[in-house]
Amino acid sequence: MDIRTPGGERVRRFTGTQDKQKAQELRTKLEHEFWQQSRLSVKPKKLWDEAALQWLKEKGTP
């Protein structure tokens, strides 16, 4: 899928499905999340792995 955030950033992701309806539902969900982040200042949900990786990058690994 290829969508633009309200801020104009281009986001490209693989949906992981051949089902067109499921892919469209995922696209709609992501567009809604991007809108909430942009307009309502809702922080994006992060997976544990993403949060841990970000922490390691910020703290610097030995």
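## Largest pocket

A pocket is, on a 1 Å grid over the protein atoms alone, an open set of points with protein on both sides within 12 Å along at least five of seven lines, whereas a cavity is a set of points where a 1.4 Å probe fits but cannot get out; lining residues have an atom within 4 Å of a point. Grid points are joined across faces, edges and corners, and a volume is the space filled by probe spheres set on the points. In this predicted model, local features need pLDDT of at least 70 and side-chain atom pairs count only at pLDDT 80 or more, while totals for chains, interfaces and linings use all residues. Residues are numbered from 1 along each chain as its sequence is written, and side-chain values use heavy atoms, with hydrogens and water left out.

The largest pocket holds about 400 Å³ of space. It is lined by 15 residues, of which Glu33, Gln37, Pro44, Lys45 and Lys46 are the closest to its centre. Helix H1 provides the largest share of this lining, with seven residues. Helices (H or I, at least four residues) and strands (E, at least two) are DSSP runs, numbered from the N terminus.

## Salt bridges

A salt bridge is counted when a side-chain nitrogen of Lys or Arg lies within 4 Å of a carboxyl oxygen of Asp or Glu. By this criterion, the whole structure contains three salt bridges.

Another links Arg27 and Glu31, where the closest N and O atoms are 3.3 Å apart. Because Arg27 and Glu31 are four residues apart in helix H1, about one helical turn separates them. Arg27 has a relative accessibility of 26% and counts as partly exposed; Glu31, at 34%, is likewise partly exposed. Lys29 and Glu33 form a salt bridge with an N to O distance of 4.0 Å. These two residues also lie four apart in H1, about one turn of the helix. Glu33 is partly exposed at 29% relative accessibility and is among the residues closest to the centre of the largest pocket.

Trp35 itself has a relative accessible area of 40% and is partly exposed.

Ser41 lies in the loop between H1 and H2. Its phi is near 55°, a positive value in a residue other than glycine. Most residues other than glycine have a negative phi. Ser41 is exposed, with a relative accessible area of 62%. Lys46 is placed in the loop between H1 and H2 and is partly exposed at 47%.

## Helix H2

Helix H2 spans residues 48–59, twelve in number, and reaches 16 Å from its first C-alpha to its last, close to the 16 Å expected at 1.5 Å a residue. The expected span is 1.5 Å times one less than the number of residues in the helix. Lys59 belongs to H2 and counts as exposed at 57% relative accessibility. Just after the helix, Gly60 adopts a positive phi of about 80°.

Lys46 and Leu56, ten residues apart in sequence, are 15 Å apart in space. Lys46 and Lys59, 13 residues apart along the chain, are separated by 18 Å.

The C-alpha atoms of Arg13 and Met1 are 5.4 Å apart, although twelve residues separate them along the chain. For Thr15 and Met1, 14 residues apart along the chain, the C-alpha separation is 6.7 Å. Arg13 is partly exposed at 43% relative accessibility, and Thr15 is partly exposed at 23%.

Key:
Buried means under 20% relative accessible area, exposed over 50%, partly exposed in between (1.4 Å probe, protein chains only).
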